[in-house]
Structures are given as structure tokens and as C-alpha cells.
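Reader: I would like to learn how to read the features of a structure like this one. Could we go through them together?
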Amino acid sequence: MHPKYTIGKVVSNKMYKTITVAVKNKISHTKYKKIITKTNKYYAHDENNECNIGDIVKIQPHRPISKKKRWIFIQKILEK
């Protein structure tokens, strides 16, 4: 089985060893069928503080690291 992962954009890297990643999902409205963009923000653990704002990154679910941090940074896909 392949490990789950999500691709998103880094919107903040001000915390130590933590990045905030915004993940956009397009869903269809059940009644009106309009395509809506839903955004979720996740805190991800960045061990080496290598991500910058605007980078496209891959994150993966992980055991809880802190109160809100349940994702870990896997790799950069695109640098800004």
C-alpha cells in the first residue's frame, strides 16, 4: 500500500521547525454543481528549516508531534 501524502503551498515558516501548508481541494456543490475551492491549513514538521514561503511541498500524516502538528514535511516539489 502506498503511503498517503498531500501537496500544498507553504504560507508561513515563522515557527521553529514548523511550516504552515495550505492545501486546496476542488469540490462540487451537491445542489448547484458549482466547483468550489476549499482550503485547509496544516502545521507540518520541518526538521531542517529548509522551506520558504511560496514553496510547493509534499507532506505526509504522522503521529502527533505537538497540539496541532500532525503532518511531516517530505520533500520540496517546486521552489519559489
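Reader: Which backbone nitrogen lies 2.9 Å from a polar atom of the side chain of aspartate 55?

Author: Welcome! This is a predicted model, in which local features need pLDDT of at least 70 and side-chain atom pairs count only at pLDDT 80 or more, while totals for chains, interfaces and linings use all residues. Residues are numbered from 1 along each chain as its sequence is written, and side-chain values use heavy atoms, with hydrogens and water left out. Now to your question: a polar contact is a pair of N or O atoms within 3.5 Å; within protein, one must be able to donate a hydrogen and the other to accept it, and residues adjacent in sequence count only if both atoms are side-chain atoms. Here the nitrogen belongs to the backbone of asparagine 52, 2.9 Å from a polar atom of the aspartate 55 side chain.

Reader: Where does aspartate 55 lie, and is aspartate 55 buried or exposed?

Author: Strands (E, at least two residues) and helices (H or I, at least four) are DSSP runs, numbered from the N terminus. Aspartate 55 sits in the loop between strand S3 (35–45) and strand S4 (56–61). For accessibility, buried means under 20% relative accessible area, exposed over 50%, and partly exposed in between (1.4 Å probe, protein chains only). Aspartate 55 is buried because its relative accessibility is 2%.

Reader: Which residues does aspartate 55 touch?

Author: Contact means heavy atoms within 4.5 Å. Leaving out residues up to four places away in sequence, the residues that aspartate 55 touches include Gly8, Val10, Glu50, Lys76 and Glu79.

Reader: What is a salt bridge, and how many salt bridges does a search of the whole structure find?

Author: A salt bridge is a side-chain nitrogen of Lys or Arg within 4 Å of a carboxyl oxygen of Asp or Glu. The search finds 3. One of them pairs aspartate 55 with lysine 76, with the closest N and O atoms 3.5 Å apart. This pair links distant parts of the chain, 21 residues apart: aspartate 55 is in the loop between S3 and S4, and lysine 76 is in strand S5. Lysine 76 also forms a salt bridge with glutamate 79, at 3.8 Å between the closest N and O atoms. Shared partners join Asp55, Lys76 and Glu79 into one network. Glutamate 79 is exposed, since its relative accessible area is 58%, whereas lysine 76 is partly exposed at 24%.

Reader: Which residue forms a salt bridge with glutamate 47?

Author: That is lysine 17, with the closest N and O atoms 3.0 Å apart. Glutamate 47 is in the loop between S3 and S4 and lysine 17 in the loop between strand S1 (6–12) and S2, so this pair ties together parts 30 residues apart in sequence.

Reader: How many bridges join S2 to S3?

Author: Two strands pair if DSSP finds at least two bridges between them. Strand S2 (residues 18–28) and S3 run antiparallel, joined by 11 bridges. Lysine 26, for instance, has threonine 37 in S3 as its bridge partner. S3 also pairs with strand S5 (residues 69–78), in the parallel sense, over 3 bridges.

Reader: Which residues make up the largest nonpolar core?

Author: In soluble globular proteins, nonpolar side chains tend to be buried together. A nonpolar core is a set of buried Ala, Val, Leu, Ile, Met, Phe, Trp, Tyr and Cys residues joined through side-chain atoms within 4.5 Å. The largest one here has 10 residues, among them Val10, Ile19, Cys51, Trp71 and Phe73. S2, S4 and S5 each supply at least two of its residues, and S2 gives the largest share, 3 residues.
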